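Colleague: I would like to go through this model before I set up any calculations. Could you take my questions one at a time?

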Amino acid sequence: ARHPLNSRWVLWYLKNDRTKNWEDCLHKVTTFDSIEGFWSAINHIIPPSELPWGSDFYVFREGILPMWEDENNVKGGRWLVYVERARRAQDLDHYWMELLMALVGEQFGEDGASISGAVVNIRQKGDKVALWTKDAEKDGTNYRIGHVCYDVLRMQDPNVMRYEVHKDASARTGSCVKPRIVLPAKYMK
Ligand SMILES: CN(C)c1nc(=O)c2c([nH]1)N([C@@H]1O[C@H](COP(=O)(O)OP(=O)(O)O)[C@@H](O)[C@H]1O)CN2C
């Protein structure tokens with residue numbers, strides 16, 4: 001391919017199947033390391049908004065499994081964006097594409113090395129787009145990554161992005177997890 005990317009990326013698909021355990025629902029779709037390979041992968045899958053409920057797409061660096069338990073993720077967290085039901089049609093697919101292009105296009109600069117990958121969750125209760133970072137305690141790094149993400153998604157006040165620690169999310173009992181960082185910062189309680 002003529003336009004190599006800085007890294008190799010793997011596209012994963014999670015097909016919701018209550019009869020299987022979670023990691024057995026995860027399937028590797030393709031691997032790409034060029035702009036051409038990226039577009040070929042994107043053009044061969046249906047957009048998130050057309051996926052069945054309970055599905056996920058993951059685009060993670062090669063060598064990092066898209067799960068909390070991977071050594072690159074176990075201390076990490078995620079910037080989480082809820083897509084309101086009412087804005088699903090115009091925001092979901094757009095957010096996903098913008099985030100992927102920023103990720104594979106290394107728009108996070110040096111901080112890109114601290115990012116494991118991107119996730120989109122298709123849920124009836126509300127879709128989610130997330131960016132996983134490797135170390136939940138590197139607040140400076142995570143702030144910078146969050147700001148780039150907020151801008152790339154053209155989010156504005158009062159839209160809020162929350163940074164959740166995987167340890168809290170994986171241990172969650174209720175649905176809500178107390179975020180470690182909130183953007184814009186003024187909404188941090
Ligand atoms: C290795 N392992 C089991 C494991 N490793 C994982 O990394 C991992 C899970 N399990 N996940 C399972 O999916 C449920 C829904 O989370 P959700 O984020 O889809 O959110 P919803 O409640 O479906 O909106 C989670 O509660 C968890 O059971 C999610 N997850 C990331």
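Predicted model: local features only at pLDDT ≥ 70, side-chain atom pairs only at ≥ 80, totals over all residues.

Colleague: How far is the polar side-chain atom of R123 from an oxygen atom of the ligand?

Modeller: Several polar distances can be listed for the ligand. A polar backbone atom of W68 is 2.8 Å from a ligand oxygen, and a ligand nitrogen is 3.0 Å from an N or O atom in the side chain of E69. For R123, a polar side-chain atom and a ligand oxygen are separated by 2.7 Å.

Colleague: What share of the ligand's exposed area does the protein bury?

Modeller: The reference is the ligand taken alone, which exposes 620 Å². Of that area, the protein buries 71%.

Colleague: Is S116 buried or exposed?

Modeller: S116 belongs to strand β5, which spans residues 115–121. Its relative accessible area is 0%. The cut-off for buried is under 20%, so S116 is buried.

Colleague: What is the relative accessible area of H166?

Modeller: H166 is placed in helix α4, residues 166–170. Residues touched by H166, beyond those up to four places away in sequence, are W68, N73, G76, G77, R78 and W132. H166 is buried, and its relative accessible area is 2%.

Colleague: How far apart are the C-alpha atoms of M155 and V81?

Modeller: M155 is in the loop between α3 (139–152) and β7 (161–165), and is buried with a relative accessible area of 7%. Among the residues that M155 touches are V81, Y95 and Y150. M155 and V81 are 74 residues apart along the chain, while their C-alpha atoms are separated by 9.9 Å.

Colleague: Is R154 buried or exposed?

Modeller: R154 lies in the loop between α3 and β7. R154 is not a glycine, yet has a positive phi of about 50 degrees. Its relative accessible area is 56%; the cut-off for exposed is over 50%, so R154 is exposed.

Colleague: Where is E106, the residue with a positive phi although it is not a glycine?

Modeller: The phi of E106 is about 50 degrees. E106 is placed in the loop between α2 (88–104) and β5.

Colleague: What is omega for the cis peptide bond that joins D157 and P158?

Modeller: P158 lies in the loop between α3 and β7. The bond joining D157 to P158 is a cis peptide bond, and its omega is about 10 degrees.

Colleague: Which residue is joined to P184 by a cis peptide bond?

Modeller: P184 is found in the segment after β8 (181–183). The omega of this cis bond is about -5 degrees, and the residue joined to P184 is L183.

Terms used: Residues numbered from 1 in each chain as written. Heavy atoms only, no water. Helix = DSSP H or I, 4+ residues; strand = E, 2+ residues; numbered from the N terminus. Buried < 20%, exposed > 50% of the residue type's maximum accessible area, 1.4 Å probe, protein only. Contact = heavy atoms within 4.5 Å. Polar contact = N/O pair within 3.5 Å; in protein donor to acceptor, adjacent residues only side chain to side chain. Areas by Shrake-Rupley, 256 points an atom, 1.4 Å probe, with all protein chains shown as cover.
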